[in-house]
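Reader: I have a model open and would like to go through its contacts with you. Could we begin with the protein chains and then turn to the DNA?

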2 protein chains.
Amino acid sequence: MPLNDSNPTTRGRPKTLGRDHVLKTALMCYWAGSPTDVPISEICDKAGASKPGLYREFGSDDGLKEAVLDVYTEMVSKRRYDILASDQPFDEVLEALITHTIQDRQTAGVPNGCLLFAMRARREEFGPLTARKIDQLRENSLEQYRQWIDRAKTNRQFRSDIPTDVAALYFDAQTGSAMRLQKEGVSNVVIGEILRTAFSALR
Amino acid sequence: MPLNDSNPTTRGRPKTLGRDHVLKTALMCYWAGSPTDVPISEICDKAGASKPGLYREFGSDDGLKEAVLDVYTEMVSKRRYDILASDQPFDEVLEALITHTIQDRQTAGVPNGCLLFAMRARREEFGPLTARKIDQLRENSLEQYRQWIDRAKTNRQFRSDIPTDVAALYFDAQTGSAMRLQKEGVSNVVIGEILRTAFSALR
DNA sequence: CAAATTACGTACCTATAGTTACGTAATTAA
DNA sequence: TTAATTACGTAACTATAGGTACGTAATTTG
């Protein structure tokens with residue numbers, strides 16, 4: 001129950017900790033590095049906040065990471081869901097997905113790779129709140145794929161001999177590979193070739 | 001310069017620490033869990049060794065992990081290299097790779113997933129020895145794929161319009177995805193379908 | 001036997017990271 | 001102005017994990 005600025009009850013010392021600023025700082029630290037290897041104190045330093053301030057706001061390391069995942073969903077993942085939810089032809093959506101996946105991160109001002117995939121790979125190393133959030137976001141993601149695939153099947157734009165849930169796993173896995181390769185420094189051009197090859201198997 | 005049992009110089013108190021036993025214990029701990037989250041002390045307990053014993057033998061946490069990677073290569077990865085190096089037709093090698101990848105781990109008595117891919121995903125979290133070893137093993141792996149692909153190209157069993165190094169990355173990425181899905185609990189049957197789909201794109 | 005050599009393992013050291021106790025500051029309500 | 005309220009941040013506390021000092025045990029050599 002963190003109180004926002006626009007709260008009717010305005011008694012006591014005003015809050016100076018910028019929740020959003022802290023979240024974005026943590027997000028970038030986790031995204032650019034290893035999410036399990038960024039100490040709270042580093043986030044505090046970079047965000048110009050105090051440790052007790054963070055704990056008051058997020059309760060724990062686990063709570064902070066959970067909150068960061070929500071921000072990431074809102075800031076990053078949502079764009080992908082919009083693409084999947086569009087009513088364009090299947091092949092155009094596919095192409096939009098590839099383009100979106102390999103867009104230049106330097107230009108966009110964000111790190112390479114995907115925080116969600118990075119955190120999924122380390123799922124066991126997080127606390128219960130973060131772990132549950134990771135599961136939930138992964139399930140959401142698969143569900144978006146499934147709905148897209150089912151729509152495409154209805155419109156006869158996607159072959160019906162591949163079970164929807166397997167196809168969803170396939171898209172998710174390919175995207176995950178792409179994000180990992182990107183983080184390892186493989187060029188987006190090559191990643192694009194790989195994605196196109198992988199997706200061509202579904203025609 | 002760890003001395004083996006069959007050493008000519010046999011002075012002083014005989015060594016009781018079982019190097020191989022410690023390595024295998026560590027290997028299984030890392031493989032079954034998160035390689036960055038297994039404390040040395042846990043390996044000592046499970047192997048029945050003392051901490052100073054481990055440090056005498058491996059120098060450091062980093063040194064132990066480096067040594068474990070060599071054991072893993074010898075015990076696990078080599079089988080895959082043998083398959084790639086065989087002179088069977090391309091399609092049969094491909095099928096053998098899939099079969100090998102999705103073989104039941106319970107039966108084989110080993111954990112799900114692949115230690116090498118798990119460690120690659122956490123590359124930044126290891127010391128210099130382990131990090132270099134990871135890079136070296138990954139490069140070895142890609143090289144095996146490349147040689148296999150080039151041979152297949154020569155025999156006209158593989159399309160020539162895909163650059164060899166891109167195809168190698170493709171195989172490596174697909175295998176990595178498979179190992180990750182396996183670790184997450186996806187059934188080997190489904191993983192097999194996914195692999196077959198991914199590889200069908202290369203025909 | 002004593003000396004030299006090598007390995008053993010208990011009990012510590014140290015650094016780090018998550019977490020919090022507590023005294024203080026800033027604000028509103030009476 | 002005083003009380004009540006809320007938030008602030010310094011300076012701890014605690015647990016864990018990598019690493020080691022050092023006294024002891026087991027062996028070969030002379």
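Reader: How much area do chain A and chain B bury between them?

Author: This is a predicted model. In it, chain A and chain B bury about 2200 Å² between them, and 56% of that area is on carbon and sulfur atoms.

Reader: How many residues are in contact?

Author: On the side of chain A there are 28 residues, in contact with 28 residues of chain B. The copies meet through the same surface, because 100% of the interface residues of chain A are also interface residues in chain B.

Reader: What rotation superposes chain A on chain B?

Author: A rotation of 180°, with 0.0 Å of shift along its axis, and the RMSD is 0.0 Å. That is the relation of a two-fold axis. Within chain A, A:Ala201 has the C-alpha nearest the axis, at 2.2 Å.

Reader: How many salt bridges are there across the interface of chain A and chain B?

Author: The rule finds 6 salt bridges across it. One of the pairs in a salt bridge is A:Arg122 with B:Glu125, whose side chains meet at 2.9 Å, N to O. As for polar contacts, the count between chain A and chain B is 14 residue pairs.

Reader: Which elements of chain A give two or more residues to the side that touches chain B?

Author: They are helix H7 (115–121), helix H9 (164–184) and helix H10 (188–200) of chain A. H9(A) gives the most, with 9 residues. By class, this side of chain A has 13 nonpolar, 6 polar and 9 charged residues.

Reader: Let us move to the DNA. Which residues come nearest to DNA strand C?

Author: There are 22 residues around DNA strand C, and those that come nearest are A:Ile40, A:Lys51, A:Tyr55, B:Leu17 and B:Pro52. Of the atoms of DNA strand C that come within 4 Å of the protein, 60% belong to sugar and phosphate.

Terms used
Residues are numbered from 1 along each chain as its sequence is written. Chains are lettered from A and ligands numbered from 1 in the order in which they are written. This is a predicted model: local features need pLDDT of at least 70, side-chain atom pairs count only at pLDDT 80 or more; totals for chains, interfaces and linings use all residues. Side-chain values use heavy atoms; hydrogens and water are left out. A residue is near a molecule or strand if one of its heavy atoms lies within 4 Å of it. Copies are superposed by least squares on the C-alpha atoms of residues with pLDDT of at least 70 in both. Contact means heavy atoms within 4.5 Å. Buried area is the accessible area (1.4 Å probe) that two parts lose on being put together, summed over both. A salt bridge is a side-chain nitrogen of Lys or Arg within 4 Å of a carboxyl oxygen of Asp or Glu. A polar contact is a pair of N or O atoms within 3.5 Å; within protein, one must be able to donate a hydrogen and the other to accept it, and residues adjacent in sequence count only if both atoms are side-chain atoms. Helices (H or I, at least four residues) and strands (E, at least two) are DSSP runs, numbered from the N terminus. Ala, Val, Leu, Ile, Met, Phe, Trp, Tyr, Cys and Pro count as nonpolar, Asp, Glu, Lys and Arg as charged, and the others, Gly among them, as polar.
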